[in-house]
Amino acid sequence: MAAPTETDVCIVGAGPVGLFQVFECGMLRMRCVVVDALDAIGGQCIALYPEKPIYDIPAHPSISASGLIEALIAQAAPFRPDYRLGRQVVRLAREPDGRLRVGTSAGDAILARAVVIAAGAGAFGPNRPPLDGIEAFEGRSVFYAVQRREEFRGKRVVIAGGGDSAVDWAVSLAEVAAAVQVVHRRAKFRAAPESVVRLEALAADGKVAMVVPYQLHGLRGTRGVLEAVEVATLKGEVRSLPADALLCFFGLAMELGPIAEWGLALDRTHVRIDPATCATNVPGVFAIGDIATYPGKLKLILQGFSEAAMAAHAIHPLVFPDQALHFEYSTTKGVQGIAA
Ligand code: FAD
């Protein structure tokens, strides 16, 4: 087996908050390895809503989720993070010298003075509807997120769900798709009221068809190519909706996955931290971003950024026990990248 990679900090999760942790650690001269279960960097921003504009990132009146991730990658680049993608962190153990050993599903290991869990919703995945044979359609004509709106241009799209994602994408795809049909088991939607108003206006104009109260019932098509989506009422009345694509928005299955086994103090699916330092109850292990909880926590990217700064300062004495840390502004010290 290959020798473990030695670093200062191992970050679990390459979402926006994990990426900013690389920058904050780098500014304090700490090197990072970042591990993510997904094949792409960017967490929820890239996996779930790359083209959506975000309006509450300070100093950016509007920035697309993918634009934010690009900027965070560029900001972290001088510190040469070692990204290990497509592998889940599965093990955490302490070495006799006090360092933490992180093991991944790919069989590699990382030895670090500190571990920062920036794992968002944990090992997240979409809630899949229980439809026979759905696997054959996934990635071809059944999707759980929209990567590029243009892929649906001229297509007949069925959207299932009643939350923000279903409503927002119905409104957005109505501009490019040949037809949009929204399937929801109730007539009422659990989405931002102004988005629901827009959806209802599109329905009144005949640009979106509302298929309520119906639930998904079955898929018709061959070799992953969809021809129709069958829907049914609670009484079992079945309708067939001609379709090229089905988008299912039933939320995320939030599972802590292996993180739940590491002896961390948990609050349901979240890791409890000291909000002053982002330290967990396990020495050397910190948690930031969506996965971290404390009184008053808001699951916002901007709050995760602030946690990354606090965690970096709390980690510094673990990596450099003999060096006093003098607080300095970035304007004073500049960005001194880490050499190859
Ligand atoms: P995530 O982005 O969830 O990234 C965590 C990463 O950790 C993932 O890539 C995951 O694969 C990885 N991971 C998990 N477990 C493991 C493991 N064991 N091993 C390896 N990797 C692991 N926030 C805002 O502030 N403003 C908005 O306008 C906004 N709009 C949103 C719109 C939508 C549709 C959604 C879904 C969310 C929105 N959010 C918004 C929330 C925002 O995306 C999250 O707060 C943010 O992504 C959290 O970042 P994170 O880095 O903590 O976690």
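Predicted model: local features only at pLDDT ≥ 70, side-chain atom pairs only at ≥ 80, totals over all residues.
1. Five strands make up an open sheet, in the order S6-S3-S2-S10-S23, and their pairing is parallel. S6 and S23 (285-287) are at the edges; each has a single partner strand, so one side of each has no neighbour in the sheet. On average, and ignoring direction, neighbouring strands of this sheet are turned by 20 degrees against each other.

2. Pairing of S2. Strand S2 covers residues 9-12 and pairs with S3 in the parallel sense over four bridges. Within that pairing, Ile 11 has Val 34 of S3 as its bridge partner. S2 also pairs in the parallel sense with strand S10 (residues 114-117), again over four bridges. Here Val 12 is opposite Ile 117 of S10.

3. Strand S3 and its link to S6. S3 spans residues 32-35, with Cys 32 and Val 34 pointing one way and Val 33 and Val 35 the other way; all are buried. Three bridges connect S3 with S6 (residues 82-84), and the two strands run parallel.

4. The crossover. Which helix does the chain pass through between S2 and S3? Strand S2 pairs with S3 in the parallel sense, and the chain crosses from S2 to S3 through helix H1 (residues 16-27) in a right-handed β-α-β crossover. Just after H1, Arg 29 adopts a positive phi of about 65 degrees.

5. Helix H1. With 12 residues, H1 reaches 17 Å from its first C-alpha to its last, close to the 16 Å expected at 1.5 Å a residue. The helix lies across S2, S3, S6 and S10, and runs at about 165 degrees to S2. Is H1 enclosed or open? Of its 12 residues, 12 are buried, so H1 is largely enclosed by the rest of the structure.

6. Helix H7. H7 covers residues 301-319, which is 19 residues, and reaches 26 Å between its first and last C-alpha, close to the 27 Å expected at 1.5 Å a residue. Among its buried residues are Ile 301, Phe 305, Ala 308, Ala 311, Ala 312, Ile 315 and Val 319. Gln 303, Glu 307 and His 316 are buried in H7 too.

7. Gly 304. This residue is found in helix H7 and is buried, its relative accessible area being 0%. Which residues does Gly 304 contact, leaving aside its neighbours within four places in sequence? They are Val 17 and Gly 289. The C-alpha atoms of Gly 304 and Phe 20 are 8.6 Å apart, although 284 residues separate the two along the chain.

8. Cysteines. How many disulfides does the structure hold? There are zero. Cys 25 is in no disulfide, and the nearest cysteine sulfur, that of Cys 32, is 4.0 Å away; a disulfide requires the two sulfur atoms to be within 2.5 Å. Cys 32 is in S3 and is buried. Cys 248 is buried as well, with a relative accessible area of 2%.

Technical notes. Residues numbered from 1 in each chain as written. Heavy atoms only, no water. Buried < 20%, exposed > 50% of the residue type's maximum accessible area, 1.4 Å probe, protein only. Expected span 1.5 Å × (residues − 1). Pairing = 2+ DSSP bridges. Right-handed = clockwise from strand over helix to strand, strands pointing away. Axes fitted to C-alpha atoms, helices over the stretch in contact; angles between N-to-C directions. Contact = heavy atoms within 4.5 Å.
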